[in-house]
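Colleague: I am new to this structure and would like to know the grounds for each label you use. Could we take the labels in turn?

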Amino acid sequence: MVLEATVLIIDNSEWSRNGDYTPNRFQAQIDAVHFLFGIKRSDNPENTVGLVANGGESPDVRVSLTADLGVMLKGMQGLEIRGESHFDTGIQIAQLVLKHRANKHQKPRIVAFVSSPIAADEKTLVKLGKKLKKNSVSIDIINFGEIAVNEQKLTAFIEAANNNDTSHLVTIPPGPHVLSEQIRASPIAGELSSAMGGGGGGGEFDFGMDSDMDPELALALRMSLQEEEERQRREAAQQSGGSGDAANQGGAGDDGDAVMEDLDEDEQIRRAIQMSLMESGSGNDQSDDVVASLIGGLPGVDKDDPELQDALGNPDQSKDRTGGPSSKDGSQGK
């Protein structure tokens, strides 16, 4: 998110009465100012925007740098079409407004609408462009209306002011299209209008609200949505990577714990020994000796107890208990 202070320069000269743009050149600029304010504030809540009208006897600062849409709308009220345009003077006044911005961390930028012939010669504009470049002020020019008259001058001006492709000249021919829509598809808006879901300037985006009315809320909702999507991706990756093994091990462990809790202390010891032998894979005669030695060392445990032998799976004792010749019952019978 770029931190910027931007001054918009509107051309409210008599040339803006022409109706070759919808609804006319002046109203098309008003709509575009609303759009540009929206995308600047949506890009970063700390961005500020000002407005200069360069028609009449001299350019007029209508709105100093502000982050409040209400202040911007109030500044545009009462703005009238009058006189001639003072393009070069308006640029210099905008530069002074940016020089006195409160937050010096903001990058200065000027966005100027040109809908009337520029009176200044090309040499003067090139000199002004170099001054902007020296002071690290980026500028975007929206050339519409008197395109053929201004094209060469504005091209030379942008070439002089451009620094690492931070300044742009956008030429918009007349037609039934809306001026703000053409700006949205230009490098002036760039990725900012895409981030707003193709909206801006009063348009609604994914959350069904006007992002211009509360840019801070719109930005917070967008960031919250991105964080939630990232969290869901992480959870899905964790579940797909280790859910199978964890479920199998967890299920067996839970069942074993439930059974062990129901047994007395001696039986728990017997089960623990048996499970240890099963895990180590000991099923031969040596394991029987290990069992006998372990059980013989336990206090109060009779290693010859038939129930213990049966629990340990002793086949010889099982035969004795079923009536074999070596069983206690058989010996007593004889």
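Modeller: A salt bridge here is a side-chain nitrogen of Lys or Arg within 4 Å of a carboxyl oxygen of Asp or Glu. Keep in mind that the model is a predicted one.

Colleague: What makes glutamate 146 and arginine 25 a salt bridge?

Modeller: Their side chains meet at 3.1 Å, N to O. The cut-off is within 4 Å, so the pair counts as a salt bridge. Glutamate 146 sits in the loop between β7 (138-144) and α5 (147-161), arginine 25 sits in helix α1, and the two are 121 residues apart, so the pair links distant parts of the chain.

Colleague: Why is glutamate 146 called buried?

Modeller: Its relative accessible area is 16%. Buried means under 20%, so glutamate 146 is buried.

Colleague: And why does arginine 25 count as buried?

Modeller: Arginine 25 has 2% relative accessibility. That value is also under 20%, so arginine 25 counts as buried.

Colleague: What touches asparagine 18, leaving out residues up to four places away in sequence?

Modeller: Asparagine 18 touches Asn24, Arg25 and Glu146. Asparagine 18 itself is in the loop between β1 and α1.

Colleague: Why is asparagine 18 called partly exposed?

Modeller: Its relative accessibility is 31%. Buried would need under 20% and exposed over 50%, so asparagine 18 falls in between and counts as partly exposed. Along the chain asparagine 18 is 97 residues apart from serine 115, and their C-alpha atoms are separated by 9.4 Å.

Colleague: How many salt bridges does a search of the whole structure find?

Modeller: The search finds nine. One of them joins the side chains of lysine 40 and glutamate 4, at 3.0 Å, N to O.

Colleague: What parts does the pair of lysine 40 and glutamate 4 tie together?

Modeller: Lysine 40 lies in helix α1 (residues 25-43) and glutamate 4 in strand β1 (residues 4-10), so the pair ties together parts that are 36 residues apart in sequence. Both residues are buried.

Colleague: How do you know that aspartate 60 and arginine 62 form a salt bridge?

Modeller: The distance is 3.3 Å, N to O. It is within 4 Å, so the pair meets the definition.

Colleague: Are aspartate 60 and arginine 62 buried, exposed or partly exposed, and why?

Modeller: Aspartate 60 has 28% relative accessibility, and arginine 62 has a relative accessible area of 26%. Both values lie between 20% and 50%, so both residues are partly exposed. Elsewhere, salt bridges that share partners join Glu4, Lys40, Arg109 and Asp140 into one network.

Colleague: Which residues gather in the patch of positive charge on the surface?

Modeller: They are Lys99, Lys104, Lys123, Lys127 and Lys131. Helix α4 (residues 122-134) gives the largest share, three residues.

Colleague: What makes lysine 99 exposed?

Modeller: Its relative accessible area is 56%. Exposed means over 50%, so lysine 99 is exposed. Its place is in helix α3 (residues 87-99).

Colleague: Why is aspartate 165 called exposed?

Modeller: Aspartate 165 has a relative accessible area of 55%. That is over 50%, so aspartate 165 is exposed. The residue is in the loop between α5 and β8 (168-172), and its phi is near 60 degrees, a positive value in a residue other than glycine.

Colleague: What is said of phi in serine 136?

Modeller: Serine 136 has a positive phi of about 60 degrees, although it is not a glycine. Serine 136 is found in the loop between α4 and β7.

Colleague: Where is there a cis peptide bond?

Modeller: The cis bond joins threonine 22 and proline 23, with omega about -10 degrees. Proline 23 is in the loop between β1 and α1.

Colleague: Which residues does isoleucine 147 touch, not counting residues up to four places away in sequence?

Modeller: Isoleucine 147, in helix α5, touches Tyr21, Thr171, Ile172, Pro173 and Pro174. Isoleucine 147 and isoleucine 172 are 25 residues apart in sequence and 8.1 Å apart in space, C-alpha to C-alpha.

Colleague: How many helices and strands are there in the chain?

Modeller: The chain has 13 helices and eight strands. Of its 334 residues, 38% are buried.

Key. Residues numbered from 1 in each chain as written. Predicted model: local features only at pLDDT ≥ 70, side-chain atom pairs only at ≥ 80, totals over all residues. Heavy atoms only, no water. Patch = residues over 30% accessible without salt bridge, like charges linked within 9 Å, V, L, I, M, F, W, Y side chains within 5 Å. Areas by Shrake-Rupley, 256 points an atom, 1.4 Å probe, with all protein chains shown as cover. Lys, Arg positive; Asp, Glu negative; His and termini not counted. Charge placed at Lys NZ, Arg CZ, Asp CG, Glu CD. Helix = DSSP H or I, 4+ residues; strand = E, 2+ residues; numbered from the N terminus. Buried < 20%, exposed > 50% of the residue type's maximum accessible area, 1.4 Å probe, protein only. Contact = heavy atoms within 4.5 Å.
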